Amino acid sequence: MSGPQLRHVGLNLTGADTLEPGEAESGLYGFWIFLMSDAVVFALLFAIYGTQLAGTAGAPGPAALFKLGPAFVETLLLLTSSLTFGLASIAMKYDRTCTGLVVWLCITLALGLAFLGFELNDFATMAAQGATPDRSGFLSAFFALVPTHGLHVTAGCLWIVVMLVQIATFGLDARVKLNLLRLGLFWHFLDIVWIGIFSVVYLQGTLG
Amino acid sequence: MSGDDLWYSLFGRLEAKALPFVRAWEHPTLSEFIGAGAGAMVVVGGIAVVALLSWLRWWRPLFLDWLTSLDHKKIGIMYVVLAAVMFTRALIEAVLMRTQQSLAINAPGIVAPEHFAQLFSTHGTIMIFFMAMPFLTGLINYVVPLQIGARDVAFPLLNSISLMLTAGGAGLVMVSLAVGDFSTGGWSGYPPYTGKAFQPGVGPDYWIWAVTLSSLGTTLSGLNFATTIYKKRCPGMHLMRMPLFCWTALCTSVLMIFAMPPLTLATALLALDRYADFHFFTNDLGGNMMNYVNLFWLFGHPEVYILILPAFGVYSEVISAFSSKELYGYISLVLATMAIGVLSFTVWLHHFFTMGQSADVNAVFGIATMTIAVPTGVKIYDWIWTMFRGEVRFTTPMLFSLAFLVTFVLGGLSGIMLAVPPIDYVVHNTVFLVAHFHNVIIPGLLYGLIAGYMYWFPKIFGFRLNERWGRISFVCWVAGFYLAFMPLYVLGLGGMARRSQALFEPDYRPWLIVAVLGAFLLLAALATLFGQLVVSIRQREHNRVPVGDPWDARSLEWSIPAPPPEYNFATIPHVDRRDVFYWRKAEEKTYRAAERYDDIAVPKNSWIGPIVGFAGAVCAFGLVWHIWWMAILGFLAGWTAVIARSFVRDTHRIVPAAEVEAAERRWLAQVAAARPVPRRLEVNSDNVGLAEPFPAPVPA
């Protein structure tokens, strides 16, 4: 068959075929399934957050705790990092060298770390106001949902670092490319979850 | 730093009293002696295994040929071995519980209440997570790639990691016998009883982390099988041409992917409650234990179908093969399987009808529950019609299938009774429920697993199992089941509460005595199963089936040698219809050399699986005993191993085409020398795995 062939959902690479036939296809497919399973975890955490919203038990509630400003900055950081990851993927697909890819990955990493910094600052501020998870069911649910996303972002950052080392070690071999495609899916997935968190937790908490 | 602080930072909550031997020394009661005896069995058993391995010099082969192997066939076998070990322990516990109840009518019996509660908790936990799940995962692992014409699963390393995580969880449950004690909260571990306020000890923590390890392993298995079935089928193997076992494996995998996360989350949140003073399921400060119950059964009900569907797949294969007929209503069986898969997510609330929903909500879930009987009924009729006018042979796997058909329907009927909320209100929390779920799980799942084990055994090891011992075992399993569980229906209707350590109603006694006899018969059944294995290994030279098709069966796994080569298929098969091997046999187009053979890449062995499993278990043990350095170490070791592995590029080994061709030609020579046997002689030692074509070709 002539021309590029679509083998899986998402960005298909051309000329990365030192892999066994079908390996990219099943490798990506398996990762989509993993994300579905992970999405169930977040869906349930959202559901629990919903049921525990009223269980403030005298501790500070959403209106007193959440500030839209920092949450908005976090949103911008994370959404921008998704854009830069997209640019990294395009650089991987079309560039002959890996300079563009590495630069965009580093920018993505920096944005991810900045996001984590802001988020940790939020948590510290909340703790200073006496809002810790042992105070109420509501705070427990908050500190399960939002930090679980934060842990995912941390894992994503670690993964970017590992991939940068692999690019330095192996160049852009087929396996590195395959892993970058998976990492891309993971990173964009976290973005989508964050949009849920921003809407359900922060917007609903401050405006609702 | 005081001595206590130093002890805590090094050993956490470990203390001398954690050892059952010390407890038995301090309180010499029968119950403590039984506990210490069980702990001693673990320790002595462990030492005996180590000594045996050293004496036989099997350490190297154990690690290099088995534990580090990424071959789906070996991983499958290891899963089943794990299941067999855990099964033995949990069945002994069942016998102990039945003995206790039969003795403890207005009497103390032999085990103390606390001990009894641990027994039913470990029995349930092991039977579900460390017996049934590994057994069916093992069968799927072994059989599915062969049935779809693949050389391995999609992610061989992940497969090894899944196995080792499950084994790590099982190891943790075994360790709890010798160090500390297990949860008394049942296999479902409902808070707030399993919360810190009521059980501050290590018991629930053992349960939490053992189940979490198993749950993670199972999620990864589901992901792996689903990808394998969707992406690794051989050319022409359309979905609707797959053997039915593959369909049920696919449905089970999908259920694993979606149903295990609620369990992982339930145990993780319970752990947060216990370790970090969160308030998810506590009685106070905004906690809501109903969230746990919903999460647990969001997993728990699909889990029932995760268990039963692969067994349905086995029955489909067995009944079709031993009736020598195409599976009746293939499409309806596929649709019924998928319908059950979908419906299984709509009924979880029937596990807690009595916990405060409105009558309308209960009615909706009651009706949804009864709906599942419809696709299940379709399947029962399909299997019956498959046998109709077939050439039915009553081999042991077939006997188990027949016992299933009858007994499972009984269990299903009591299920429909329980699906009616008013009836459920009357009998909930009685042994009626215990009778019901054992009535579906034992004849449904367990008979299926045993039938599958006996059906595929010749394929896996290259020789048939002893038929006589198989029949003895069959009689024990069936008689034992009826004796042990039919009385519980009566007792349940008579109001006997489940999980009772002591009883006060003398009228229960005769029924309880029948039940304990049944329990001993079931133990005998397991013993005969092991006996059959030993006898069969001794007689293996008489029962070899190197050609690989002892039952005149229909799907691709029978078209290759027994045992199969590491790469499964010398050349990847091409499929043009359902039951392709059967029809090729009829057309005499089987057992031919290919025009050319190619090099085959197989995954190299890897230590990552065992390392991750061990690190997971170490991390869990540290968490149970609050030995924080150990927990952190285990966690980091596991992840470091995984990251380090991503730097390994040399992951495959090439089996040269010449080697493949030589092995294939040796096998074809065996086929040419073999005498085909007709079906009625298939349990005879003349059977070397070559079936006489049927109908016999008419001489020209």
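In this predicted model, 32 residues of chain B are in contact with 31 residues of chain A. Three elements of chain B each give two or more residues to the side that touches chain A. These are helix 8 (203-231), helix 9 (244-276) and helix 10 (289-323). Helix 9 of chain B gives the most, with eight residues. By class, the side of chain B that touches chain A has 20 nonpolar residues. Eight polar and four charged residues complete that side.

Chain B itself contains 22 helices and two strands. Its radius of gyration is 26 Å. The globule rule gives 27 Å for 700 residues, so chain B is as compact as a globular protein of that length. Along its principal axes, the C-alpha trace of chain B spans about 85 × 60 × 45 Å. Of the 700 residues in chain B, 55% are buried.

One helix pair in chain B joins helix 5 (residues 72-103) and helix 7 (residues 156-178). Their axes come within 10 Å and cross at roughly 10°. Angles under 35 degrees count as roughly parallel, so helix 5 of chain B is roughly parallel to helix 7 of chain B. On helix 5 of chain B, the contact is made by His72(B), Ile75(B), Met78(B), Tyr79(B), Leu82(B) and Met86(B). On helix 7 of chain B, the contact is made by Pro156(B), Asn159(B), Ser160(B), Leu163(B), Thr166(B), Ala167(B) and Ala170(B). The residues of this contact divide into nine nonpolar and four polar. No charged residue takes part in the contact of helix 5 with helix 7.

Helix 16 of chain B covers residues 431-461. In this helix, 27 of the 31 residues are buried, so helix 16 is largely enclosed by the rest of the structure. A kink of about 40° lies at Tyr455(B). Helix 16 of chain B is followed by Gly462(B). The phi of Gly462(B) is positive, near 85°.

Technical notes:
Residues are numbered from 1 along each chain as its sequence is written. Chains are lettered from A and ligands numbered from 1 in the order in which they are written. This is a predicted model: local features need pLDDT of at least 70, side-chain atom pairs count only at pLDDT 80 or more; totals for chains, interfaces and linings use all residues. Helices (H or I, at least four residues) and strands (E, at least two) are DSSP runs, numbered from the N terminus. The radius of gyration is taken over C-alpha atoms; the globule rule is 2.2 Å times the number of residues to the power 0.38. A residue is buried if 20 or more other C-beta atoms lie within 10 Å of its own, exposed if 12 or fewer, and partly exposed in between; C-beta atoms are placed from the backbone. Axes are lines fitted to C-alpha atoms, for helices over the stretch in contact, and angles run from 0 to 180 degrees between N-to-C directions. Angles under 35 degrees count as roughly parallel, over 145 as roughly antiparallel, 65 to 115 as roughly perpendicular and the rest as oblique. Two residues are in contact if their C-beta atoms, placed from the backbone, lie within 7 Å. Ala, Val, Leu, Ile, Met, Phe, Trp, Tyr, Cys and Pro count as nonpolar, Asp, Glu, Lys and Arg as charged, and the others, Gly among them, as polar. The bend at a residue is the angle between axes fitted to the seven residues ending there and the seven starting there.
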